[in-house]
Amino acid sequence: MDNLINELQDMTEELRADNDAALAKQQQEEQQLMENKVKTPKLKTVNIKGKDYVEVNERIKAFREMYANGSIMTEIVSHEGGVCVMKAVIVVDGQIVSTGHAYEKEGSTFINKTSYIENCETSAIGRALGSLGIGIDTSVASVEEVANAIKQQGGDPF
């Protein structure tokens with residue numbers, strides 16, 4: 001009977017030791033996750049009609065700070081008749097983490113008279129970064145998209 005009690009006590013001590021080791025390992029992993037958690041830097045905004053917007057260049061800088069090895073890739077989905085559709089893909093650690101699309105029409109705004117393809121690419125990147133959570137405290141749209149929408153409605157964006 002004493003042997004059985006001693007064996008049970010030994011087993012209980014081994015289980016406690018295993019449990020303590022597992023708990024310590026879990027706490028260490030949680031601590032490492034907290035240390036590796038990516039923090040979004042404070043982003044500069046511009047005010048349009050009383051709302052703050054984060055420009056795409058600020059979103060790109062934040063992305064580069066947060067994900068030094070990340071990639072931003074763009075491709076023209078279609079380009080015909082003066083209309084461009086662009087896709088942006090955000091890749092982190094070899095995985096696609098977000099995408100964004102944009103549409104721009106040649107000549108629809110002052111900037112689009114000469115640079116509608118570039119404007120379309122910038123908007124797609126801004127939307128993809130917004131989808132990732134960068135610079136979207138008030139809106140996913142880029143400042144250019146908001147200004148363009150206001151101008152097309154006959155208003156003064158600034």
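**Charge pairs and surface patches in a predicted model**

Lys-61 is partly exposed, with 46% of relative accessible area, where partly exposed lies between buried (under 20% relative accessible area) and exposed (over 50%), computed with a 1.4 Å probe on protein chains only. This residue, Lys-61, is located in helix α2; helices (H or I, at least four residues) and strands (E, at least two) are DSSP runs numbered from the N terminus. The model is a predicted one, in which local features need pLDDT of at least 70 and side-chain atom pairs count only at pLDDT 80 or more, while totals for chains, interfaces and linings use all residues. Residues are numbered from 1 along each chain as its sequence is written, and side-chain values use heavy atoms, with hydrogens and water left out.

The protein contains four helices and five strands, and their order along the sequence is α-β-β-α-β-β-β-α-α. Among its 158 residues, 32% count as buried. Of the contacts with a separation of 6 or more, 48% come from residues 24 or more positions apart, a contact being defined by heavy atoms within 4.5 Å. The accessible surface of the protein is about 10700 Å², and carbon and sulfur atoms make up 49% of that surface; such areas come from the Shrake-Rupley method with a 1.4 Å probe, and for residues only the protein chains shown count as cover.

Side chains of opposite charge can pair when their charged atoms come close. Two salt bridges are present in the structure, each defined by a side-chain nitrogen of Lys or Arg within 4 Å of a carboxyl oxygen of Asp or Glu. In one of them, Lys-61 pairs with Glu-58 at an N to O distance of 3.1 Å. Both residues, Lys-61 and Glu-58, belong to helix α2 and stand three residues apart, about one turn of the helix. Glu-58 also forms a salt bridge with Lys-44, with 4.0 Å between the closest N and O atoms. This pair connects distant parts of the chain, 14 residues apart: Glu-58 lies in helix α2 (residues 56-66), whereas Lys-44 lies in the loop between α1 (2-36) and β1 (46-48). Glu-58 counts as buried, at 8% relative accessibility, whereas Lys-44 counts as exposed, at 55%. Lys-61 is partly exposed at 46% relative accessibility, and salt bridges with shared partners join Lys-44, Glu-58 and Lys-61 into one network. Lys-61 and Leu-43 are 18 residues apart along the chain, and their C-alpha atoms are separated by 9.1 Å.

Two surface patches were also identified, where patches are made of residues with over 30% relative accessible area and no salt bridge, like charges being joined within 9 Å and nonpolar side chains (Val, Leu, Ile, Met, Phe, Trp, Tyr) within 5 Å. A negative patch is formed by Glu-7, Asp-10, Glu-13, Glu-14 and Asp-18. Lys and Arg count as positive and Asp and Glu as negative, with His and the chain ends not counted; the place of a charge is taken as NZ of Lys, CZ of Arg, CG of Asp or CD of Glu. Glu-7, which lies in helix α1, is partly exposed at a relative accessible area of 48%. A nonpolar patch of about 550 Å² consists of Met-1, Leu-4, Ile-5, Leu-8 and Met-11.
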